[in-house]
Amino acid sequence: MRRVVVTGIGALTPIGNNINEYKSALFEGVSGAASITRFDPTDFKTKFACEVKGLNMEDFIHKREIRRMDPFSHYALVVADEAILQSGLDLEKIDLDRSGVIWGSGIGGFETIEADIEEVTQRGGIPKYSPFLIPKLIADIAPGHISIKYGFRGINYATVSACASSSHAISNAADYIRWNRADVMICGGSEAAVTKAGIGGFSSMKALSQRNDDPKTASRPFDKDRDGFVLGEGAGALILEELEHAISRGANIIAEVGGVGMTADAHHITAPHPEGIGATKVMQLALNDAGLNTTDIDYVNVHGTSTPLGDIAETKAICSVFGDHAYKLNISSTKSMTGHLLGAAGAIEAIAGILAIQEQVIPPTINHFTKDDELDQKINYTFNASQERQVKAVISNTFGFGGHNSSIIFKKYD
């Protein structure tokens, strides 16, 4: 099959509004958690989140168009633009019929549907809805907007698999290029679920941390006192290209897609399999697809949400897959800094893995204070500070409600 490389990346996160800001904060171990500003959280059990900060959307999108889109589409356009610019693609010289977009979002236009329902309720139930309600809320509108802006007429759709959504988008995009059905793909994901219903719904599930007295240390993957994840928002985009296509135009190749894996736990609607069976299999599939041995992997960017069950199950899976090599790996959860971006998590975490390859530095798992004896303490969780090491290949894991699992391997381009 044809080789697939990464030639552009874009990031909009709670710790940085572009790649350079994200990279700097990621390796410095900065937390993006703070009190919620989107709405008054006084009556909510969780009053904080990892919001995007200081973004003036009019710098990117015309004011008229802003009103016609949900924030998850705003975020998608911002990161797609950064990735396109970094890739150096000349849109007049590529075959737009072989250029596509696959985009992930776990929820889509959450803010839009919530606001319209509230408005109708305030009017006494009179069913008068915005004509833009449906086009704003549907998850597939984000790749639609991206393709319209850049004229990409090839493969175009959305992936919706909860927290694995954008990882599935990247995996699918890579496969279409490998199968010779596309030459260039924009892929990734966006999410904007820091809303009253978003916070309230996850809180009712007891999925969110309630550490309201200290939000910045609330996301504590692998810490004994972890009490749930911190909801985040934002987006990440990757430009994938067929290798010869990239070489022929003199592109700067950032990394190569090694292999992908996708499985299901077939176990529970929200809880992971306690032994990490689906997580084990998905990493094995990615390694087989890449033609790599376990000893070829240097770093695993884990799903690591800071939930009591999830962190244990994923650690078991890593030990099962890697055996003794698990103790020579670095693993880290960058959700300790960004919070959990749901459908966009896979995209920004894939980018974190690519940045680790570029910089030869492992980003940390911050907010570790207390050892958890249920976890294998011989594993290097990269606690509290970045670590320099040789990084040739990384695995990015994402697991979603419904039992959806995805692993993507990125490797240094040779």
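A pocket is an open set of points on a 1 Å grid over the protein atoms alone, with protein on both sides within 12 Å along at least five of seven lines; its lining residues have an atom within 4 Å of a point. The model is predicted: local features need pLDDT of at least 70, side-chain atom pairs count only at pLDDT 80 or more, and totals for chains, interfaces and linings use all residues. Residues are numbered from 1 along each chain as its sequence is written, and side-chain values use heavy atoms, with hydrogens and water left out.

**Exercise 1. List the lining of the second largest pocket and sort the lining by class.**

Step 1. Take the volume, the space filled by probe spheres set on grid points joined across faces, edges and corners. This pocket holds about 190 Å³.

Step 2. Read off the lining: Phe-60, Ile-61, His-62, Glu-65, Met-69, Leu-77, Val-78, Asp-81, His-145, Ile-148 and Lys-149. Helix H3 (71–87) and helix H6 (141–150) are the elements that give two or more residues. Helices (H or I, at least four residues) and strands (E, at least two) are DSSP runs, numbered from the N terminus.

Step 3. Sort by class. Ala, Val, Leu, Ile, Met, Phe, Trp, Tyr, Cys and Pro are nonpolar, Asp, Glu, Lys and Arg charged, and the others, Gly among them, polar.

**Exercise 2. Find the element that gives the largest share of the lining of the largest pocket.**

Step 1. The largest pocket has about 580 Å³ of space. Of its 37 lining residues, Thr-270, Ala-271, Pro-272, Thr-307 and Phe-401 are closest to the centre.

Step 2. Two or more residues each come from helix H10 (277–290), helix H11 (308–322), strand E13 (393–400) and strand E14 (404–411).

Step 3. H11 gives the largest share, six residues. By class, the lining has 16 nonpolar, 16 polar and five charged residues.

**Exercise 3. Describe how H7 and H13 cross.**

Step 1. The axes of H7 (residues 165–178) and H13 (residues 345–359) come within 5 Å and cross at roughly 65°.

Step 2. Name the contact (heavy atoms within 4.5 Å). H7 brings Ser-166, Ser-167 and Ile-170, and H13 brings Ala-345, Gly-346, Ala-347 and Ala-350.

Step 3. Sort the contact: four nonpolar, three polar and no charged residues.

**Exercise 4. Is Phe-222 buried or exposed?**

Step 1. Locate Phe-222: it sits in the loop between helix H8 (196–204) and strand E7 (234–242).

Step 2. Check the backbone. Phe-222 has a positive phi of about 70° although it is not a glycine.

Step 3. Phe-222 has 2% relative accessibility, so it counts as buried.

How values were computed. 1 Å grid on protein atoms, 1.4 Å probe; cavity = no way out; pocket = protein on both sides within 12 Å on 5 of 7 lines; lining within 4 Å. Axes fitted to C-alpha atoms, helices over the stretch in contact; angles between N-to-C directions. Buried < 20%, exposed > 50% of the residue type's maximum accessible area, 1.4 Å probe, protein only.
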